[in-house]
Amino acid sequence: MKLSRRNALLTGAAAPLAAGLAATSASAKAEMKGANSANFNRFMLGSMEVTTLMAGNRTVEEPQNIFGMNTSAEEFAEASAANFIPTDKVQFFFTPTIVNTGSELILFDTGLSGTSITTPLEAAGYSADQVDTVVITHMHGDHIGGMMSDGNPTFANANYVTAAAEFDHWKGADNDGFKSNVEPMAEKMTFLDDGGSVTSGITAMMATGHTPGHTTYMLDSDGAQLLITADLANHYVWSLAYPDWEVKFDMDKAAAAASRRKVLGMLAAEKMPFIGYHMPFPGMGFVDTRGDGFHYVPASYQMML
């Protein structure tokens, strides 16, 4: 190949630059930052502003001790492989939701502790004392743990809403989490039944089985709808896709499976988005039917349009 005078000049000029870049690259080591994820995700639903909060996540080993307890190890492994997830570990996500109606700031569930909820809440631009209402979907520890901080109410100005059946069940149980986190707020609580209203555009829909009063909540604003499903399905494959697979934390496993089939069937038929407390963060997606079960479709940019 012939080298023209112009090419030679360009090559010569580039050589010092290339050498300088190589030297800079060699000396510009950056420390490893470690894995990270966003604290919150915000979007509009009609005239409501909805924000999901990352209130923690953790890795748990031997997931078939929790999910698919009534299926074989072979079927569990086959379903996992088809979805590119391991069978020896699972990642749990904890995702409270905050809804700004324009006149009220409403928080759904409170995470594992006061710190776990206030950290993402503040990252999203809110303070705990701005919360007007705290809705408790059910009273497992990862939903009520943030109600109190160091013996004081985390949300000093808030009222509380929960299902009457849920409160009554845990009141009659010997449960330390209920006694320390929920009982101190009893005088500030409003109790709902199926179809009850938290406020205009937010309606309770009972979906029992996970707990006796486990409740989902329908958001409806300017014709746009979304369902906060709480712990209806605790994993996007091993619970949502296979609604009849038993989950350790479901107190009434048959009722929980029936609730999953009913609610997931509705979401699929309506093509309605939902937020699941334990879905992969930011916790929002859609449901499609697949065979005798369902398929989780993570939300992408639908709520941005």
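This text goes through the overall build of a predicted protein model and then its salt bridges.

The protein chain has seven helices and 18 strands. Its C-alpha trace spans about 90 × 50 × 40 Å along the principal axes. Of the 305 residues, 45% count as buried. Among contacts with a separation of 6 or more, 68% are between residues 24 or more positions apart. The accessible surface is about 15,000 Å², and carbon and sulfur atoms make up 53% of that area.

Confidence in the model is given by pLDDT. The mean for the protein chain is 92, and 91% of the residues reach 70 or more. Over residues 8–13, however, pLDDT stays under 50, and the model has one contact beyond four places in sequence for this stretch.

Next come the charges. The chain carries 18 positive and 33 negative side chains, and the centres of the two sets lie 16 Å apart. Side chains of opposite charge can pair when their charged atoms come close. The structure holds six salt bridges.

One of them joins Glu-31 and Lys-33, with 2.6 Å between the closest N and O atoms. Glu-31 is exposed at 54% relative accessible area, and Lys-33 is exposed at 69%. Another links Glu-49 to Arg-42 at 4.0 Å, N to O. Here Glu-49 is partly exposed at 26%, as is Arg-42 at 32%.

Asp-292 and Arg-261 also form a salt bridge, at 3.1 Å from N to O. Asp-292 sits in the loop between β17 and β18 while Arg-261 belongs to helix α7, so the pair ties together parts 31 residues apart in sequence. Asp-292 is exposed at 61% relative accessibility, whereas Arg-261 is partly exposed at 27%. Together with Asp-244, these two residues are linked in a network of salt bridges.

Note on methods
Residues are numbered from 1 along each chain as its sequence is written. This is a predicted model: local features need pLDDT of at least 70, side-chain atom pairs count only at pLDDT 80 or more; totals for chains, interfaces and linings use all residues. Side-chain values use heavy atoms; hydrogens and water are left out. Helices (H or I, at least four residues) and strands (E, at least two) are DSSP runs, numbered from the N terminus. Buried means under 20% relative accessible area, exposed over 50%, partly exposed in between (1.4 Å probe, protein chains only). Contact means heavy atoms within 4.5 Å. Accessible areas come from the Shrake-Rupley method with a 1.4 Å probe; for residues, only the protein chains shown count as cover. Lys and Arg count as positive and Asp and Glu as negative; His and the chain ends are not counted. The place of a charge is taken as NZ of Lys, CZ of Arg, CG of Asp or CD of Glu. pLDDT is the predictor's confidence in each residue, from 0 to 100. A salt bridge is a side-chain nitrogen of Lys or Arg within 4 Å of a carboxyl oxygen of Asp or Glu.
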